[in-house]
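Start with the sequence and structure below.

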Amino acid sequence: MSKTILITGGAGFIGSHVIRLFVEKYPHYQIVNLDALTYAGNLENLKEVEDAPNYTFVKADILEEQALAHIFAAYGITDVIHLAAESHVDRSISDPLAFVKTNVMGTVNLLNAAKKAWMGALDQHLFYHVSTDEVYGSLHEGGFFVETTPYDPQSPYSASKAASDHFVRAYANTYHMKTVVSNCSNNYGPNHFPEKLIPLCIHNIKSNKPLPVYGKGENVRDWLYVKDHARAIDVVFHRGKPGETYNIGGFNEWKNIDIVRLLCKKMDEKLGREKGTSEKLITFVQDRAGHDLRYAIDASKIKKELGWEPSLQFDEGIDQTIDWYLENESWLEQVTSGAYQEYYQKHYDNR
Ligand code: NAD
Ligand code: DAU
């Protein structure tokens, strides 16, 4: 069946992988990428598909009511996959309001635009909201997040994502919109903006700069290769049950310090440096305020009900990721010039 899917945040890290997958796999769908091109949005991420006949880019902000109404009408949007967000926890600590605006108000604005455009036929259109495992809060040593784990967000970022999830479910309950939500663990892979741990360390190792590890590096994250997340989004979009939530994760928990050491070891080998060279760059710095100790997803529901599971082993995924950054020097240079330098100094100097 033909569809015209509005994908928001398609110029960002995960969104660009979702766009590439959908444009290439579904030539009979029209894919409309709506992105405001904030510091995190980059059209370079979409070079492979920019000329595809079933792909259109529209620069717009999800906070702009009129622009959204126009886009739904002009393109005849049949479904939405919503990824646009402010996504970095550290930035949410210094500027929570920006997260309320985009993640909460922007999501409600988008829900309203979809509701208006699909009025009278709400059951024939899907609003898919892409969310995070951080809404469940922080785990200690044991246990996993399941779909019924109560929400307990601990950072301004996760509070804003939790609020947006609640609004999506409220629109399903109140207005009978057909919605689905997925909550995913930490992604890694090509096109990841180097404010996040893995690409930041790859960039700094390459440039012989300190590797800032918050606190003692004991915090645990569950890492999933971004292309596996995009595959999961494809599966949830096509086969997810309306009104349901699906947790997506890598069954792949790592302490931060162990990830950083692994990156050092692999990059010493790839760059032909003497063993142990890059580890000397590790610098323990002031911890993140309210730093969640551990996230871990139980992804058995999506496996059992929709047949999705991660395809790539972490060792292979990390190798592919490092190789991508080493082969795409100009991408890294472009995104780390200008505003990035200012952000970096403000955030890491005197930490
Ligand atoms: P990202 O920061 O790389 O990209 C976000 C994109 O949204 C950018 O292209 C940006 O320009 C766009 N955007 C931001 N504000 C906008 C606005 N007001 N209007 C229109 N576009 C706007 O983020 P990401 O890491 O790719 O995450 C995408 C989604 O997945 C987010 O909703 C995030 O919460 C969720 N998520 C991320 C991860 C992860 O590990 N990165 C894990 C689980 C869930
Ligand atoms: O769990 C899903 C979430 O994963 C997504 O919803 C977020 O959008 C995404 O940014 C990510 O959040 P994290 O805060 O876990 O990712 P980040 O890469 O910022 O940090 C990973 C861990 O590394 C975390 O424990 C903090 C630590 N860290 C991070 C940075 C940037 C450091 O020790 N040093 C750093 O410089």
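## The ligand 2 site

Strands here are DSSP runs of E with at least two residues, numbered from the N terminus. This is a predicted model.

Which element gives the largest share of the shell around ligand 2? Strand β8 does, with three residues. Two elements give two or more residues to this shell: α3 (89-94) and β8 (211-214). The shell residues divide into nine nonpolar, eight polar and seven charged.

## Closest contacts

There are 24 residues around ligand 2. D133, Y157, R288, H291 and Y348 come nearest. A polar side-chain atom of D133 sits 2.5 Å from an oxygen atom of ligand 2. For Y157, a side-chain N or O atom is 2.6 Å from a ligand 2 oxygen. For H291, a polar side-chain atom is 2.7 Å from an oxygen atom of ligand 2.

On its own, ligand 2 has 690 Å² of accessible area. The protein covers 94% of that.

## The seven-stranded sheet

Seven strands make an open sheet with parallel pairing. Their order is β3-β2-β1-β4-β5-β6-β10. β3 (55-59) and β10 (245-248) stand at the edges. Each has a single partner strand, so one side of each lacks a neighbour in the sheet. Neighbouring strands are turned by 20° against each other on average, direction ignored.

L34 stands opposite V58 in β3.

Helix α4 (residues 96-117) touches β1 (4-8), β4 (79-82) and β5 (126-132). The direction of α4 makes about 165° with that of β5. Helix α7 (residues 226-239) touches β1, β4, β5, β6 (178-184) and β10. The direction of α7 makes about 145° with that of β5.

## The three-stranded sheet

Another open sheet has three strands in the order β7-β9-β11, with mixed pairing. Its edge strands are β7 (186-188) and β11 (253-255), and each pairs on one side only. The twist averages 50° from one strand to the next.

Strand β9 (residues 220-225) pairs with β11 in the antiparallel sense over three bridges. The bridge partner of V220 in β11 is K255.

Helix α7 packs on this sheet, touching β7 and β9. The direction of α7 makes about 70° with that of β9. Helix α8 (residues 256-271) lies across β9 and β11, at about 85° to β11.

Terms used: Residues are numbered from 1 along each chain as its sequence is written. Chains are lettered from A and ligands numbered from 1 in the order in which they are written. This is a predicted model: local features need pLDDT of at least 70, side-chain atom pairs count only at pLDDT 80 or more; totals for chains, interfaces and linings use all residues. Side-chain values use heavy atoms; hydrogens and water are left out. A residue is near a molecule or strand if one of its heavy atoms lies within 4 Å of it. A polar contact is a pair of N or O atoms within 3.5 Å; within protein, one must be able to donate a hydrogen and the other to accept it, and residues adjacent in sequence count only if both atoms are side-chain atoms. Accessible areas come from the Shrake-Rupley method with a 1.4 Å probe; for residues, only the protein chains shown count as cover. Helices (H or I, at least four residues) and strands (E, at least two) are DSSP runs, numbered from the N terminus. Ala, Val, Leu, Ile, Met, Phe, Trp, Tyr, Cys and Pro count as nonpolar, Asp, Glu, Lys and Arg as charged, and the others, Gly among them, as polar. Two strands pair if DSSP finds at least two bridges between them. Axes are lines fitted to C-alpha atoms, for helices over the stretch in contact, and angles run from 0 to 180 degrees between N-to-C directions. Contact means heavy atoms within 4.5 Å.
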